[in-house]
Amino acid sequence: MRCEPGDLAVIVRSHDHRNIGKIVLVLRPYHRAESWWIVCESVLHGIYSDWPAGAEIGTFDRFLRPLRDPGDDAVDESLLWLRIPEVDTV
């Protein structure tokens, strides 16, 4: 799993597009495999209803991307596929 309890994470997949990009706090494992209890400081939109800010809800680990310091050995993955622009030095 990508997340750990105590992580801040961004929602990268959701059944409702309005949740994409929201920051949540990962609390503890959810009873389903590879899932977490999370809490958000804003409303989260569900399939059938919305959850108010501060509500604890369960979500899949694959729907989240943790936000943490990657360390000194981290590689910017975008540089692996993005061409570095050339700069004119005139």
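**Charges, salt bridges and contacts**

User: Which residues gather in a patch of positive charge on the surface?

Analyst: Arg-2, Arg-13, Arg-62 and Arg-65 do. A patch takes residues with over 30% relative accessible area and no salt bridge; like charges are joined within 9 Å, and nonpolar side chains (Val, Leu, Ile, Met, Phe, Trp, Tyr) within 5 Å. Lys and Arg count as positive, Asp and Glu as negative, while His and the chain ends are not counted. Each charge is placed at NZ of Lys, CZ of Arg, CG of Asp or CD of Glu.

User: What am I looking at, and how is it numbered?

Analyst: This is a predicted model, where local features need pLDDT of at least 70, side-chain atom pairs count only at pLDDT 80 or more, and totals for chains, interfaces and linings use all residues. Residues are numbered from 1 along each chain as its sequence is written, and side-chain values use heavy atoms, with hydrogens and water left out.

User: Back to Arg-2. Where is it found?

Analyst: Arg-2 is in the segment before strand S1 (8-11). Strands (E, at least two residues) and helices (H or I, at least four) are DSSP runs, numbered from the N terminus. Arg-2 has a relative accessible area of 34%, so it is partly exposed. Buried means under 20%, exposed over 50%, and partly exposed in between (1.4 Å probe, protein chains only).

User: How many salt bridges in the whole structure?

Analyst: The search finds 3. The criterion is a side-chain nitrogen of Lys or Arg within 4 Å of a carboxyl oxygen of Asp or Glu. One of them joins the side chains of Arg-68 and Asp-7, at 2.4 Å from N to O. That pair links distant parts of the chain, 61 residues apart: Arg-68 is in the loop between strand S7 (64-67) and helix H1 (78-81), and Asp-7 is in the segment before S1.

User: Asp-7: buried or exposed?

Analyst: Buried, because its relative accessibility is 9%. Arg-68 is at 42%, so it counts as partly exposed.

User: Which residue does Arg-28 meet in a salt bridge?

Analyst: Glu-56, at 2.8 Å from N to O. Arg-28 sits in strand S2 (residues 23-29) and Glu-56 in strand S6 (residues 56-60), 28 residues apart. Arg-28 is partly exposed at 39%. Glu-56 is partly exposed too, at 42%.

User: And Asp-16, what does it pair with?

Analyst: Arg-18, with the closest N and O atoms 2.8 Å apart. Asp-16 is buried at 12%. Arg-18 is partly exposed at 45%.

User: New topic. What does His-45 touch?

Analyst: Asp-16, Arg-18, Asn-19, Lys-22, Asp-50 and Trp-51, leaving out residues up to four places away in sequence. Contact means heavy atoms within 4.5 Å. His-45 is in strand S4 (residues 44-45). Its relative accessibility is 15%, so it counts as buried.

User: Which residues form the nonpolar patch on the surface?

Analyst: Leu-8, Ile-23, Leu-25 and Leu-67, with about 320 Å² of accessible area together. Areas come from the Shrake-Rupley method with a 1.4 Å probe; for residues, only the protein chains shown count as cover. Leu-67 lies in strand S7 and is partly exposed at 44%.

User: Last one. Where does Thr-59 lie?

Analyst: In strand S6. Thr-59 is buried, at 15%. Not counting residues up to four places away in sequence, Thr-59 touches Ser-35, Trp-36, Ile-38 and Leu-64.
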